[in-house]
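We shall go through a few features in turn, each with its general idea and then its case here.

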Amino acid sequence: MTRYFTEDHEWIDVDGDVATVGITDFAQGQLGDVVYVELPAAGTALTKGGDAAVVESVKAASDVYAPVSGEVVESNAALEGDSALVNSDAEGEGWFFRMTLSDASELDGLMDATAYAAFVG
Amino acid sequence: MTNQNQSPEEAILSQTIDSSLPEPDLQILPLDAWHRAQGGRMVPFADYSMPVQYADGIMAEHLWTRENAGLFDVSHMGQLMVSGESAADALETLLPSDIKGLAEGQMRYSLLLNEEGGILDDLMVTRCPQGYYVVVNGAVKNDDMAHLIEHLPDDVTLNVMDDRALLALQGPHAEEVMAAVVPSAAQLYFMHADLCLWGEVPLWVSRSGYTGEDGFEISIAADEAEAFAEALCAHEAVKPIGLGARDSLRLEAGLPLYGHDLDETTTPVEGNLTFALSKRRREEANYLGAAPVLAQYPNKAPRRRVGLAVEGKMPVREGALLFVGDQEVGKVTSGGFAPSVGAPIAMGYVAAEYAAEGTALEAEVRGKRVPVTVAPLVRVAHNYHRKPKA
C-alpha cells in the first residue's frame, strides 16, 4: 500500500483500485478541536480538486478536496459519533472516506511522506 | 483544505507556514514576544498580530477559563481618556446612556451612534479622577476617534492612551489570583474600577470582562505588561487564553461582537441592547441618533438580535440565512460550537414576528436546512461579582 499527500493537507492510501482519504496530522493540529465532519455519501462522484468533505473546528469550517477523481464507496461512520478521532488519530482511525480511482495517473503529481514532511517544514 | 468565509481570527490554516515572524503591516502587541514564547499561534486580527490560541487549543482554553482563570491580552482595544469640565455633557451628546450620573469608579456599557441610530461601536465608559476612561473596539478605534474629534467641543480633550496595554483576567478563580497579586483590586465589585498598585506600578483595574465570568480588566504601562503577565501566570490557576476561546466564551454569554453582531446598520433596539438607553436620556432624547432609536423603543424594531439553539452537531456560523418555510426571516451573525454547552449555538437577527423564544426556524448551511430554535442569548449563566443591594 502506498500513501500519498496533497498540498491541501490530505493523505490518500491506495490499495489496488480503492483509496482511503483523510486529512494529515499536521492539518488537524492546525485546525484544532474538530467538532463536526460532513462526509460524502457512498456513490458520490468526486473530481480531483473538487469539494469532497467539510471539517469543522471550534472556530472554522474548512473544505476538504478530492485528491483524485473517482466514486465514494464508504464514509467513516465513526466520525459521526466521535469527530475528535480526527484530532487523536488523523492518519488512522480518523479517516474520512474510501473511493475508487477513475484515473490512477492522477496520483503521479502527489507527494510521498518525505516530500510532504519537507512541504510543511 | 481551505477555510470557508475566512475571517481574520479564523485564518488558522493560512497562517501555518511561518508563525515565527509577524506579517508586515500588522501592528505588534506589547506582549508579542511573550505570546510567542508561550506557544501562541499568531493571526491577524483588528490590524494586530494576535494569539488565536496557545498549545492547549480553543476547547481546553475555553473550559479552563470557565473553571479556573484565563489571561487575555486585549491591548488591541482603544483606551481613550475624555477630559475637561464639560466632558460628561459632551459625551452625552454622542451616547444614549447616563454619563453624568456615573459616580467615580463606576462604569457603564454604552454605544456610539450615528445620526440614523446605527451603532458605530460599543464601548465601556468609566468615570475616573482625570475624566472619562473609554475602552473601544480595536478594529474601529481610529473611526471612533475621528467621530469623537469631529463632535466633541474644543474644551474637551481626547487623549489616546496608546502607551498602555490592556489585560483581562477572567474566571471563577480570578478573584483569588488578584487577591494574591494586587490585593486592593479584589475588593472591587462588578462594573466598578479603581487605581491600584502592583508594587510601585500603577494599574487601572476594573471588575468587568467579556466572558460572562467574574473577572478583571487591567490597564498597565506597556513596558510593565510582560512582568505583570508573568506574575499572574505564576499562579497555578492562570493560563494565557487566545482570541478563539474569547469568542466562544462571549458567544455563550450572549455578548455581541462589534463588526459581526452589531454594525452601522443595526440600532440599539434591534441589537437587544435597550439596557444601554437610560430613562433620563430617553426622556431628554438629545443625543445623536436619538429620534430613530426612540421611535423603535422599546419593541417596535422590525428585527431583533436573538439567541439560537441548534439541533444536531453541525455548527451554524456567521452568514447563514434563517428561514420559515421558503420565507427568509433573518441571518446568523455569530455561531459555532459552544464548549460549555456541548453543542453548536448561534446568535443572529430575525424579523420581529419570529423573535419570540421557542420559535422554530431553519438555518441554511451549505444548501442544507438545519432546525434551530429562538433561545435566550445568555446560554451560560453570568457569574458576576455584583455589589449587594443596599
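**Reading the two chains**

Q: Why does B:His35 count as buried?

A: A residue is called buried if 20 or more other C-beta atoms lie within 10 Å of its own, exposed if 12 or fewer, and partly exposed in between, with C-beta atoms placed from the backbone. B:His35 has 21 C-beta neighbours inside 10 Å, and therefore counts as buried. Please keep in mind that this is a predicted model, in which local features need pLDDT of at least 70 and side-chain atom pairs count only at pLDDT 80 or more, while totals for chains, interfaces and linings use all residues. Residues are numbered from 1 along each chain as its sequence is written, and chains are lettered from A and ligands numbered from 1 in the order in which they are written.

Q: Where does B:His35 lie, and which residues does B:His35 touch?

A: Helices (H or I, at least four residues) and strands (E, at least two) are DSSP runs, numbered from the N terminus, and B:His35 belongs to helix H1 (residues 32-37) of chain B. Two residues are in contact if their C-beta atoms, placed from the backbone, lie within 7 Å. Leaving aside residues up to four places away in sequence, B:His35 touches B:Gly40, B:Met42, B:Pro51 and B:Asp73. Between B:His35 and B:His260 there are 225 residues in sequence and 26 Å in space, C-alpha to C-alpha.

Q: How many helices and strands does chain B have, and what does its radius of gyration say?

A: Chain B has 9 helices and 21 strands. The radius of gyration is taken over C-alpha atoms, and the globule rule is 2.2 Å times the number of residues to the power 0.38. For chain B the radius of gyration is 21 Å, close to the 21 Å that the rule gives for 390 residues, so the chain is as compact as a globular protein of that length. Of the 390 residues in chain B, 51% are buried, and among contacts between residues at least 6 apart in sequence, 67% join residues at least 24 apart.

Q: Where in chain B does pLDDT stay under 50?

A: pLDDT is the predictor's confidence in each residue, from 0 to 100. Where it is low, the predicted coordinates should not be read in detail. In chain B the mean pLDDT is 94, and 94% of the residues reach 70 or more, but over residues 5-20 it stays under 50, although the model has 36 contacts beyond four places in sequence for this stretch. For the complex, the predictor gives an ipTM of 0.89 and a pTM of 0.93.

Q: In what order do the 6 strands of the open sheet in chain B run?

A: Strands of a sheet pair through backbone hydrogen bonds, either parallel or antiparallel; here two strands are said to pair if DSSP finds at least two bridges between them. The order in chain B is E12-E13-E14-E11-E5-E15, with mixed pairing. Strand E12 (193-198) and strand E15 (238-240) of chain B stand at the edges with a single partner strand each, so one side of each is left without a neighbour in the sheet. Strand E5 (residues 69-73) and strand E11 (residues 164-170) of chain B pair in the antiparallel sense over 4 bridges, and B:Leu71 stands opposite B:Leu169 in E11(B).

Q: Is helix H7 of chain B mostly covered or in the open, and what do its buried residues pack against?

A: Helix H7 (residues 243-252) of chain B is mostly covered, with 9 of its 10 residues buried, among them B:Leu243, B:Arg246 and B:Glu252. These buried residues pack against strand E3 (41-45), strand E4 (48-53), helix H2 (58-67), E5, strand E18 (327-338) and strand E19 (343-351) of chain B. E3(B) and E4(B) pair in the antiparallel sense over 5 bridges, and B:Tyr48 in E4(B) is the bridge partner of B:Phe45. Just after H7(B), B:Gly254 takes a positive phi of about 80 degrees.
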